[in-house]
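Please view the sequence and the structure together.

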Amino acid sequence: AARAKQAASAAPFDITKMPITAARPLANAMAMYFNDGTPALAQVETFEIAGPGGPLRARLYRPEAPKRAVLYLHGGGWATCNVDTHDSLMRRLALAGDCAVLGLDFRLAPEHPFPAPLDDAIAAWRWLHANATKLALPTNQLGVAGDSAGANLAIGVSLRERDVGHEMPRATACFYGAFAPTFNTSSYRELGDGRFGLTTERMRWYWTQFLGGTLAAPLLARPLDANLRGLAPIYLGIAALDPIADDSRALTQRLAAANTDCEVDEWPGAVHGLMQ
């Protein structure tokens with residue numbers, strides 16, 4: 001019902017058939033539809049941090065006396081959305097988790113394909129870790145989270161930091177993530193026709209933008225196939241009516257085989273984007 005009301009709020013458009021400069025503002029405006037009833041927080045501050053390609057806009061959400069902090073990486077197919085479209089989501093996450101939330105405007109595809117979005121996410125993670133004491137945040141309670149495309153980047157942060165010997169997030173939360181450019185799973189076949197919003201065709205397009213015009217993905221871009229040993233605990237949230245639900249189900253099995261702690265929730269009747 002929420003998706004139907006969202007679709008009725010604006011003229012229809014097909015992001016896969018438009019120049020990204022025209023499609024992105026329309027997609028962002030559609031995502032803004034869900035930023036209603038935005039809860040207040042003790043402090044919300046927007047600023048810039050240094051990124052590998054230049055300054056990056058970031059936004060820090062703080063409840064009273066947060067007990068932990070997370071870097072949050074927004075969804076939007078690596079090509080759309082920002083801290084504004086996910087503002088309400090991050091506010092609610094901060095309140096529900098009693099945590100400070102650092103949102104990031106990482107560089108977007110297709111102008112900035114992989115690894116640019118992940119490089120920016122890692123820069124933000126290292127910034128959070130380096131500045132936690134100054135921000136009065138517990139340095140031993142820092143994590144990373146994301147939805148959809150952002151969930152892909154969230155696991156990528158842990159994988160990259162593990163591989164280079166840097167401090168990893170203490171935990172990762174992934175909501176309905178996209179973890180491999182594989183489109184023949186049961187969930188794609190059964191749910192990818194657009195009845196519940198997201199389509200297989202659009203996911204194929206998103207992946208192609210992210211990967212620079214191809215579907216050949218390096219391991220850090222397809223964490224489902226990566227070495228998952230030695231990672232901190234991972235939470236997976238699955239929407240049962242999501243075409244990419246099987247990405248998370250398969251990742252659950254891969255994490256178990258790697259002896260990496262994993263907690264999973266699957267929400268019946270829920271669609272992709274439910275966090276918003």
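Is F34 buried or exposed? F34 counts as buried because its relative accessibility is 15%, where buried means under 20% relative accessible area, exposed over 50% and partly exposed in between, with a 1.4 Å probe and protein chains only.

## Basis of the model

The model is predicted: local features need pLDDT of at least 70, side-chain atom pairs count only at pLDDT 80 or more, and totals for chains, interfaces and linings use all residues. Residues are numbered from 1 along each chain as its sequence is written, and side-chain values use heavy atoms, with hydrogens and water left out.

## Aromatic pairs

Rings of Phe, Tyr and Trp (its six-membered ring) pair if their centres lie within 6.5 Å; planes under 30 degrees apart count as stacked, over 60 as edge-to-face and the rest as tilted. By this rule there are nine aromatic pairs. One of them joins Y33 and F34, edge-to-face, at 5.3 Å centre to centre with 80° between the planes. Y33 counts as partly exposed, because its relative accessibility is 35%.

W205 and Y206 also form an edge-to-face pair, because their planes stand at 65°, with the ring centres 5.6 Å apart. W205 is buried at 14% relative accessibility, and Y206 is buried at 10%. Ring pairs also link W78, F114, W207 and F210 into a cluster.

## Helix α3

Helices (H or I, at least four residues) and strands (E, at least two) are DSSP runs, numbered from the N terminus. In helix α3, residues 87–97, the buried residues are D87, S88, L89, M90, R91, L93 and A94. They pack against β1 (43–51), β2 (54–62), β3 (68–73), β4 (99–104) and β5 (142–147), contact meaning heavy atoms within 4.5 Å. After α3 comes D98, with a positive phi near 50°.

## Pockets

On a 1 Å grid over the protein atoms alone, a pocket is an open set of points where a 1.4 Å probe fits, with protein on both sides within 12 Å along at least five of seven lines; lining residues have an atom within 4 Å of a point. Grid points are joined across faces, edges and corners, and a volume is the space filled by probe spheres set on the points. The largest pocket has a volume of about 780 Å³. Its lining has 34 residues, with R3, Q6, M30, R202 and Y206 nearest the centre.

The second largest pocket has a volume of about 380 Å³. Of its 21 lining residues, R68, V70, L93, C99 and A173 are closest to the centre. Helix α3 gives the largest share of this lining, five residues.
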